[in-house]
Amino acid sequence: MSDDKEAAVEPQGAGTRRNFLKNLGLGTAGAAAAAVPTPSPAWNGLSFREAFDEFFRKHYKKMSPQEIERTLTRIERRAKQRFGVDVTCKNTPAQEGVVYGYAINLGVCKGYRDCVSACVQENNQGRDSQVQYIRVLEMDRGNMDLEQSEHYYDPATVPVEGKFYLPIQCMQCDDPPCVKACPVEATWTEPDGIVVVDYDWCIGCRYCMTACPYWARHFNWTEPQLPTEELNPDTHYLGNRPRPRGVVEKCHFCIQRTRENRQPACMEACPTGARVFGNLLDPDSEIRYVLKHKTVFRLKEDLGTEPKFWYYTD
Amino acid sequence: MLIATGLLPLALPAAGDTAAAATTTGPALPYTVGSRVDELFFYPCNDCHGFMDPNDNVRELDVDEGHPPDLEHGGGLFWCFSCHDQNNYEQLQTPLSKPLSLDASYRVCNGCHSQKFRDWQGGAHGKRAANWRGERQLFSCVECHNPHRPEIAPRAPQPPPPVRAGLHHMTRKPGSASHDPRQPEWEHSDVR
């Protein structure tokens, strides 16, 4: 962890390593004198143990259950300070025998972008930041050249004559190049096939963004700015918890929802029912019906990253 | 297996027909469909139509708001009794004149759009009400498609993504002579 990283966690400058070490000395002296474990402003409202844990935190996969529990408590406390809202941060494990797959019916996608706004709200992204996990590409009919697509389209009404709409997001590749590119193993594939990021472990080098052929990874340049009343308090450690600035984020199939059998926010919001989500290992699932009965394709299939994201038409 | 919730007692034949529909369409996933009768403004229909004789003549209808003033479905080939049961206005009928509950309207659609119906049963068309796992409740066809005007009208999209401060995004140039619709501005310069 570099100084920059610590500064990114606390942009007020209170959390630099120098301040941390200074406070560490003061706090130890204070704690020794008074032996009171209550949080003091010296730890940014955290207890000494939490501040210690945060500085010497481990990789998510190497944490013991107790350490994960403490981390979640710390995240919740921090979110309360930052937004003044009671946030729950979960650590729901992957369901047994489930690998998620997604399909989009291009025949009925009308380009409303309801999925995008639902995603921004669900995942607590800044309302003015350009970090949006979903981009809807407006394409000419009969043309599959992604380079000629337009994702800033803003006509009075959609769909526009002669266009079709192709939403892209993280394809949750089975052989993800982004994971291979990460030098610190801050991103990996979960047992249910979701490629996740440990935001506390990411150093913000953005190698993964270069490696991704689908423009699925986004770097957050700023702290997300959003109205407190719109904050989604239902969060997951590997999903939509409040992120520090300067890390890479991506679509995680709404891990906080889908691991509890709920639909991803984009699917729930889609007014046309273009989105199909389900368990690839269950032969009786909707996604398997689509793969069996419809003509499907994947984007940039020739790259061999095995995306678990299909497109089809009626 | 198909369980249509909220079936009207009038539509007794529907129960047997639903099972038949499920077996003829292969291994359809189990599903339920919510009732919409409570959302109908003029229901029960027989409050008025119980005292009116059915009129099968194709004509301009003088109706209150809520009833369809025109029928754009089918391009003029249909009349009310193509789908509605003229013997009982609180029922629908299939093209083979089998009576159906208003809540089983998707089975009327199946009479012509059988391929779409199969996809809807399987999950490739239409929308699941909640959850990707567990109880599978589907939205009926008429939740999205007005049966009298099934095409969905265009509407405004959500705002486009913001551009990073200091940058402006490249837009397409519709009048560009080049085959590349996104030809950048600097290629139009006269300076050689």
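Me: Is C254(A) buried or exposed?
Reply: This is a predicted model, and in it C254(A) counts as buried because it has 26 C-beta neighbours inside 10 Å. The cut-off for buried is 20 or more.

Me: Where does C254(A) lie?
Reply: Look in the loop of chain A between β9 (248-250) and α8 (255-258). C254(A) also has a positive phi of about 50°, although it is not a glycine.

Me: OK, what about phi of N131(B)?
Reply: That one is positive too, near 65°, and N131(B) is not a glycine either. You'll find N131(B) in the loop between α4 (114-122) and β5 (137-138) of chain B. N131(B) has 16 C-beta neighbours inside 10 Å, so it counts as partly exposed.

Me: New topic: which residues does a cis peptide bond join in chain A?
Reply: V158(A) and P159(A), with omega at about 0°. P159(A) sits in the loop between β3 (135-140) and β4 (163-168).

Me: And which ones in chain B?
Reply: There, a cis peptide bond links Y43(B) to P44(B), again with omega about 0°. P44(B) is in the loop between β2 (31-33) and α2 (46-49).

Methods. Residues are numbered from 1 along each chain as its sequence is written. Chains are lettered from A and ligands numbered from 1 in the order in which they are written. This is a predicted model: local features need pLDDT of at least 70, side-chain atom pairs count only at pLDDT 80 or more; totals for chains, interfaces and linings use all residues. Helices (H or I, at least four residues) and strands (E, at least two) are DSSP runs, numbered from the N terminus. A residue is buried if 20 or more other C-beta atoms lie within 10 Å of its own, exposed if 12 or fewer, and partly exposed in between; C-beta atoms are placed from the backbone.
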